[in-house]
Amino acid sequence: DDGALLSARGNGEHTCVVMRDRTVRCWGANAAGQLGDGSTIDRPTAVVTGGTGLNDVTQLATGRAFTCARRSTGALACWGANTYGQLGNNSNARTSSPVAVTGITDAVEVVAGADFTCARLSSGGARCWGRSNRGQSATGTTTASLLTPQVVLQTGSATLTDVVDLD
């Protein structure tokens with residue numbers, strides 16, 4: 001059945017699911033465009049996200065008012081609120097349609113915090129972007145906004161390697 005649910009993610013305000021055909025459906029709050037249907041209208045029923053171009057999704061991550069999808073190619077696409085750069089597209093403008101995350105082509109996992117995003121890469125490294133005012137990006141800075149993915153560091157400013165899971 002092509003319409004069967006493969007996986008779901010929600011954050012209390014909106015929920016998104018990956019379908020067996022690798023498309024995405026979302027519902028709930030949508031003031032920042034976090035449902036990805038090109039609108040900012042709250043939806044009480046599931047709507048198609050990203051149109052026909054987003055048909056190879058393998059994983060979702062939902063933040064406070066944004067959503068990110070890992071594609072089968074290892075690329076990431078995000079949509080919704082972007083006040084702190086949590087969409088990773090070198091901007092802080094919100095968008096109600098999926099946009100590519102800058103420089104990520106080999107993600108094997110994506111997770112979202114309230115206003116930031118992190119990806120684990122096939123190399124074993126990790127990158128984070130978005131709000132980092134308390135160091136939540138682990139990039140060695142407490143900058144309010146990181147607009148593009150940055151290398152995750154460990155104590156002593158060495159690159160974090162051999163990452164096997166994000167949470």
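Visitor: How many residues does the largest nonpolar core have?
Guide: The largest nonpolar core has 13 residues. A nonpolar core here is a set of buried Ala, Val, Leu, Ile, Met, Phe, Trp, Tyr and Cys residues joined through side-chain atoms within 4.5 Å. Buried means under 20% relative accessible area, with exposed over 50% and partly exposed in between (1.4 Å probe, protein chains only). Bear in mind that this is a predicted model, where local features need pLDDT of at least 70, side-chain atom pairs count only at pLDDT 80 or more, and totals for chains, interfaces and linings use all residues. Residues are numbered from 1 along each chain as its sequence is written, and side-chain values use heavy atoms, leaving out hydrogens and water.

Visitor: Which residues have the most contacts inside that core?
Guide: Those are L76, V101, I104 and A119. Strand 6 (66-71), strand 7 (76-80), strand 9 (107-112) and strand 10 (116-121) each supply at least two residues of this core. Strands (E, at least two residues) are DSSP runs numbered from the N terminus.

Visitor: What does I104 touch?
Guide: Leaving aside residues up to four places away in sequence, I104 touches G74, A75, L76, L121, R127 and P149. A contact is heavy atoms within 4.5 Å.

Visitor: Okay, and the second core, which residues does it include?
Guide: That separate core has twelve residues, among them C16, V24, V57 and W79.

Visitor: New topic: how many disulfides are there?
Guide: The count is three, taking a disulfide as a pair of cysteine sulfur atoms within 2.5 Å.

Visitor: What does C16 pair with?
Guide: C16 is joined to C26, S to S 2.0 Å. C16 sits in strand 2 (residues 14-19) and C26 in strand 3 (residues 24-28), so the bond ties together parts ten residues apart in sequence.

Visitor: Why is that one called right-handed?
Guide: Because the torsion about the S-S bond of C16 and C26 is about 110°.

Visitor: Is C16 buried or exposed?
Guide: Buried, since the relative accessible area of C16 is 0%.

Visitor: Where are C68 and C78?
Guide: C68 is in strand 6 and C78 in strand 7, ten residues apart. The sulfur atoms of C68 and C78 are 2.1 Å apart, in a disulfide.

Visitor: And C118, what is that joined to?
Guide: A disulfide joins C118 to C128, S to S 2.0 Å. C118 and C128 are both buried.

Visitor: What's the pairing if you number the bonded cysteines in sequence order?
Guide: The pairing runs 1-2, 3-4, 5-6.

Technical notes
Helices (H or I, at least four residues) and strands (E, at least two) are DSSP runs, numbered from the N terminus.
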